Amino acid sequence: MVSNKRVLTGIQPSGTLHLGNYFGTMRQSIAAQTENECFYFIANFHAQTSMPKPEDLRARTHQVAVDFLACGLDPAKTVFWRQSDVPAVQTLAWILSCLCPLGLLERCHSYKDKVAHGLEANHGLLAYPVLMAADILLYHAQYVPVGKDQKQHLEVTRDLAIRFNNAYGDILTIPEPLIQEEVAVIPGLDGQKMSKSYNNTIEIFAEGKAARSKFMKIKTDSTPMEDPKDPDKCNVFLLYKLMASPEEVAKLREMYLAGGMGYGTAKQMLFEKYTEYFAEARERRAYLMEHPDEVEDILREGARRAKAVADETMAKVLAAVGL
Ligand code: ADP
Ligand code: TRP
């Protein structure tokens, strides 16, 4: 993890957050807050590329804010805002568009994948990485924590920043991606990557009976109850390792190796660990759900702080390009 840097990331409000999101990126972003100057925003402009219903987009944007705050995003430390509340990002995106060769965007895997999956090849989808570059460059981010899937978009960002600086002078900061290579892909219920597109997720804030039954559905092999089991090949154990203390992990490892334990026991232990691990976050979330105005105030204050930085960048950019 870096320190004393400006760290920025965007979070798409595209669905309910799950353990893959939490252990894959959220946990690191939240940990980065103590030693860095963090700028985190909810990418609601980007979410429009999937054409959500207006009421869904609004509700999901609010819910992602609640969930990040509940998980420990500290608005006293981190600038946290809604992308659309600082519209200057669109002006910068336009200026960058005029420097951006079409081929650079046509080569993006994420664009090609989405079109291959049947999304309409519209301009928003193609221009997605230019808006993402504007997000990053507007705030002079030095490091951008993202999943591996976003690495190419960071390359586009760097390329556009270099083109801009070559044309108009050294104004934009060239960012580095912060990719957590050591964080394995978190498996879902069926063992493949946990993802809302695969319908195999365990939500961070699953509730009541439905939550327990999710854990009971995690796929395991058919080793009989009395036989020893390999913990390192088991998704239940892998998830347990993310949440339990080293002593607890060692104890469950012994239980696997000794035999005589059914997977149901391990699943129950995992479920209890998960309940305990997110208990505080769950309390904070319940409070925030009852106080939507406080969440709104946090986002507004974040937008005010973000705008102060954006205004400074834009004054330089506009003067440099002759606008
Ligand atoms: P989904 O696959 O559910 O659509 P997103 O693409 O919205 O998830 O992911 C948001 C962030 O969470 C990305 O940075 C992504 O790399 C990370 N992430 C999502 N699922 C996982 C997973 N199973 N393991 C690790 N990281 C993940
Ligand atoms: N494209 C990112 C994702 O899907 C979200 C995002 C938008 C972003 N703008 C950004 C991430 C700027 C980092 C920096 O996860």
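Arg82 and Glu296 are both buried, a word used here for a relative accessible area under 20%, while exposed stands for over 50% and partly exposed for what lies in between, all taken with a 1.4 Å probe on protein chains only. This is a predicted model, in which local features need pLDDT of at least 70 and side-chain atom pairs count only at pLDDT 80 or more, whereas totals for chains, interfaces and linings use all residues. Residues are numbered from 1 along each chain as its sequence is written, chains are lettered from A and ligands numbered from 1 in the order in which they are written, and side-chain values use heavy atoms, with hydrogens and water left out.

What joins Arg82 to Glu296? The two form a salt bridge, with 2.7 Å between the closest N and O atoms; the term means that a side-chain nitrogen of Lys or Arg lies within 4 Å of a carboxyl oxygen of Asp or Glu. This bridge links distant parts of the chain, since Arg82 belongs to strand β3 (residues 79-82) and Glu296 to helix α14 (residues 292-321), 214 residues apart. Helices (H or I, at least four residues) and strands (E, at least two) are DSSP runs, numbered from the N terminus. Arg82 has a relative accessibility of 15% and therefore counts as buried. Leaving aside neighbours within four places in sequence, Arg82 is in contact, that is, has heavy atoms within 4.5 Å, with Ile42, Asn44, Thr61, Glu296 and Leu299.

Lys273 and Glu248 meet through their side chains in a salt bridge of 3.0 Å from N to O. Because Lys273 lies in helix α12 (residues 263-277) and Glu248 in helix α11 (residues 246-258), this pair ties together parts that are 25 residues apart in sequence. Lys273 counts as buried at 7% relative accessibility, whereas Glu248, with a relative accessible area of 28%, is partly exposed. Salt bridges that share partners also join Arg82, Asp85, Glu296 and Arg300 into one network.

Arg282 forms a salt bridge with Glu207, and here the closest N and O atoms are 3.8 Å apart. Arg282 lies in helix α13 (residues 279-290) and Glu207 in the loop between β5 (176-178) and α9 (208-216), so the bridge connects parts that are 75 residues apart in sequence.

Another place to look is Ala88, which lies in helix α4 (residues 88-97). The C-alpha atoms of Ala88 and Asp311 are separated by 7.8 Å, although these residues are 223 residues apart along the chain. Not counting residues up to four places away in sequence, Ala88 touches Leu138 and Met314.

The last stop is a pair of helices. The axes of helix α6 (residues 109-116) and helix α7 (residues 123-138) come within 9 Å and cross at roughly 160 degrees, which makes α6 roughly antiparallel to α7. Where these two helices meet, Tyr111, Lys114 and Val115 in α6 face Leu125, Leu126 and Tyr128 in α7. Axes are lines fitted to C-alpha atoms, for helices over the stretch in contact, and angles run from 0 to 180 degrees between N-to-C directions; angles under 35 degrees count as roughly parallel, over 145 as roughly antiparallel, 65 to 115 as roughly perpendicular and the rest as oblique.
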